[in-house]
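Trainee: I would like to learn how to read a protein model. Where do we begin?

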Amino acid sequence: MTRRPSPATGTGGCTVTVCRGCCCGTARTVPRFDHAAQLDRLRAAVAGEATVRVSDCLDACAQANVIVVQPSAAGRRAGGRPVWLGLVNDHDAGADIAAWIRAGGPGLADLPPVLDLYEVTPSRRVREQLS
């Protein structure tokens with residue numbers, strides 16, 4: 001039996017995790033930025049292509065706002081691994097992330113050079129939890 005993705009889980013594409021915890025997504029940490037609009041735009045831009053979920057804290061507070069793009073199953077088979085992006089505090093960066101996801105994301109499309117500026121390494125604790 002082939003498992004079909006449900007509407008709640010998207011199309012089997014990338015999974016995008018947007019941090020909105022103690023530091024990310026708050027005016028206290030990143031003032032004069034519309035955090036809710038960032039999330040709404042990202043969801044709209046990848047609708048039908050990826051699942052967008054919100055996390056309370058990804059333990060990368062110094063890099064607020066953090067977005068993690070996990071590869072699709074096909075991307076993972078092609079060698080793709082999660083890509084952590086930090087300091088994503090302008091709407092153009094969100095549009096660049098969405099375009100990359102629509103092109104296939106990790107493992108299927110090269111990270112655009114403009115997004116190299118945002119790539120960060122997760123903390124040791126988080127890396128250990130992912131292994």
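**Reading the fold**

Mentor: With a count of the parts: the protein has five helices and four strands. Keep in mind that this is a predicted model.

Trainee: In what order do the elements of the protein run from the N terminus on?

Mentor: They run β-α-β-β-α-β-α-α-α.

Trainee: How do the four strands form a sheet, and in which order?

Mentor: Sequence order and sheet order are separate things to read. Here the sheet is open, its order is S2-S1-S3-S4, and its pairing is mixed. S2 and strand S4 (83-85) are the edge strands, each pairing on one side only. From one strand to the next, the twist averages 20 degrees.

Trainee: In which sense do strand S1 and S3 pair?

Mentor: S1 (residues 14-19) and S3 are antiparallel, with four bridges between them. To find the pair on screen, look for Val16, which stands opposite Val69 in S3.

Trainee: Which strands does helix H1 lie across?

Mentor: H1 (residues 35-45) lies across S1, S2 and S3, and it runs at about 160 degrees to S2. Helix H3 (residues 91-102) also packs on the sheet, where it touches S1, S2, S3 and S4. The direction of H3 makes about 5 degrees with that of S3.

Trainee: What span should the 12 residues of H3 have?

Mentor: Count 1.5 Å a residue, and H3 should span 16 Å; the C-alpha atoms at its ends are 17 Å apart, which agrees.

Trainee: Which residues of H3 are buried?

Mentor: Start with the general idea. An α-helix has 3.6 residues a turn, so residues three or four places apart point the same way. In H3, the buried residues are Ala93, Gly94, Ile97, Ala98, Trp100 and Ile101. They are on the same side of H3, because they cover an arc of only 160 degrees around the axis. Their packing partners are S1, H1, S2, S3, S4 and helix H4 (113-116).

Trainee: Is Asn65, in a loop, buried or exposed?

Mentor: Asn65 is found in the loop between strand S2 (50-55) and strand S3 (67-70). Buried means under 20% relative accessible area. Asn65 has 0%, so it is buried. Leaving aside residues up to four places away in sequence, Asn65 touches several others, including Arg20, His35, Gln38 and Asn89.

Trainee: And for the whole protein, what share of the residues counts as buried?

Mentor: Of its 131 residues, 42% count as buried. The protein exposes about 7,500 Å², and carbon and sulfur atoms supply 51% of that.

Methods:
Residues numbered from 1 in each chain as written. Predicted model: local features only at pLDDT ≥ 70, side-chain atom pairs only at ≥ 80, totals over all residues. Heavy atoms only, no water. Helix = DSSP H or I, 4+ residues; strand = E, 2+ residues; numbered from the N terminus. Buried < 20%, exposed > 50% of the residue type's maximum accessible area, 1.4 Å probe, protein only. Contact = heavy atoms within 4.5 Å. Pairing = 2+ DSSP bridges. Axes fitted to C-alpha atoms, helices over the stretch in contact; angles between N-to-C directions. Areas by Shrake-Rupley, 256 points an atom, 1.4 Å probe, with all protein chains shown as cover. Expected span 1.5 Å × (residues − 1). Arc of directions from axis to C-beta.
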